[in-house]
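Subject: Structure handed over, with notes

Dear colleague,

Here is the structure that I would like you to look at before you set up any calculations. My notes follow below it.

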Amino acid sequence: MGRVYNFSAGPAVLPEEVLKEAAEEMLDYKGTGMSVMEMSHRSKAFDTIIKEAEQDLRDLMNIPENYKVLFLQGGASQQFAAIPMNLMKNKVADYIITGQWAKKAYQEAQKYGKVNAIASSEDETYSYIPDCSDLPISEDADYVYICENNTIYGTKYKTLPNTKGKTLVADVSSCFLSEPVDVTKYGIIYGGVQKNVGPAGVVIAIIREDLISDDVLEGTPTMLKYKTQADNDSLYNTPPCYGIYICGKVFKWLKNMGGLEVMKQKNEEKAKILYDFLDQSKMFKGTVRKEDRSLMNVPFVTGDKDLDAKFVAEAKEAGFENLKGHRTVGGMRASIYNAMPKEGVEKLVAFMKEFEEKNA
């Protein structure tokens, strides 16, 4: 069987060129006589890999000099604790709850201080982004936290919240590198790479230098102190070497594609194909308020659980994998990250049309 169209939310589809290159280098990376999987993280070859990866990411995102780029482990979920440990000087933080991951981050932060949920869309199953133009930001808040693209629910902030001068921290796991961003608007912008950038096991955290210090909460583990990681250029202990190597290849692939402006256009085109179909379909319905729709994750339903299950099963037979919605919401979800080709979305829509006609 050939390659399927993989609509998984993460670990997710990677660019075929990247996989082919990695396959070619699997046994012998650039004449070293070994795989990147086998080499010392202190070696000259790996030093070049991690430095190039960082530089390419800086180029892609226009990351200013006064921001550190860290390649970490533990998933985005470990940052739910690391962020308050490093940033909670006043032991106060404000969280905007737009989905399961923001809620988990909010719950984790409560272990370390007073945490306020200043806005939420839980009342409508997180199907929209609340108005964040004038929120009750706490006067002594150390930071304001958002999850910018909500993988499970398919929503995305189109305008960042007005934090009234407070530091913004954003989890961008599922929209990372899908469009240009202004890094200066964030104190920390971070994400697990397994959705849009690389294999599971790496978290990239881009942190403004003034937020990195020895002044952390008592009991913060050495490994979770940003200063430990920053002072050692992400090499305090053995990093996820192979994952970083693949991320580096994806950064080069993105540069070759023309950068994040081009990716945004491509992603808008792809998403439009699917959303336009959902908007006119009599059977399938998108679940998100139009103005808050994600370009990356597109949830939809038929309104009938049995029909949903039938669709997912038949789609799989036809080579469209991982279309089942998250277990907490049901229905379907197509994740159409950077590496999903436009033809994958076109073929999915053609299949949906056919399914609708057959099951009308």
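I begin with Met-26, which is found in the loop between α1 (16-24) and α2 (44-61), where helices (H or I, at least four residues) and strands (E, at least two) are DSSP runs numbered from the N terminus. This is a predicted model, in which local features need pLDDT of at least 70 and side-chain atom pairs count only at pLDDT 80 or more, while totals for chains, interfaces and linings use all residues. Residues are numbered from 1 along each chain as its sequence is written, and side-chain values use heavy atoms, with hydrogens and water left out.

Met-26 is partly exposed at a relative accessible area of 32%; buried means under 20%, exposed over 50%, and partly exposed in between (1.4 Å probe, protein chains only). Together with Leu-27 and Met-37, Met-26 makes a nonpolar surface patch of about 340 Å².

The buried residues of α9 are Gly-344, Val-345, Leu-348, Val-349, Phe-351, Met-352, Phe-355 and Glu-356. They cover an arc of only 160 degrees around the axis, which puts them on the same side of α9; the arc is that of the directions from the helix axis to the C-beta atoms. The face turned away from that buried side carries the exposed residues Glu-357 and Lys-358.

As for the cysteines, the structure holds zero disulfides (a disulfide being a pair of cysteine sulfur atoms within 2.5 Å). The sulfur of Cys-132 has its closest cysteine sulfur in Cys-147, at 13 Å, which is too far for a bond, and the sulfur of Cys-175 is 7.8 Å from its closest cysteine sulfur, in Cys-147, again too far. Cys-132 is buried at 7% relative accessible area, and Cys-175 is buried at 6%.

Arg-58, in helix α2, is also buried, with a relative accessible area of 13%; Arg-58 and Ile-206 are 148 residues apart in sequence and 9.7 Å apart in space, C-alpha to C-alpha.

Some backbone details remain. A cis peptide bond with omega of about -10 degrees joins Gly-10 and Pro-11. Asp-233, which is not a glycine, has a positive phi near 50 degrees and counts as exposed at 52% relative accessibility. Asn-322 has a positive phi of about 65 degrees and is partly exposed at 42%.

Best regards

Key:
Patch = residues over 30% accessible without salt bridge, like charges linked within 9 Å, V, L, I, M, F, W, Y side chains within 5 Å. Areas by Shrake-Rupley, 256 points an atom, 1.4 Å probe, with all protein chains shown as cover. Salt bridge = Lys/Arg side-chain N within 4 Å of Asp/Glu carboxyl O.
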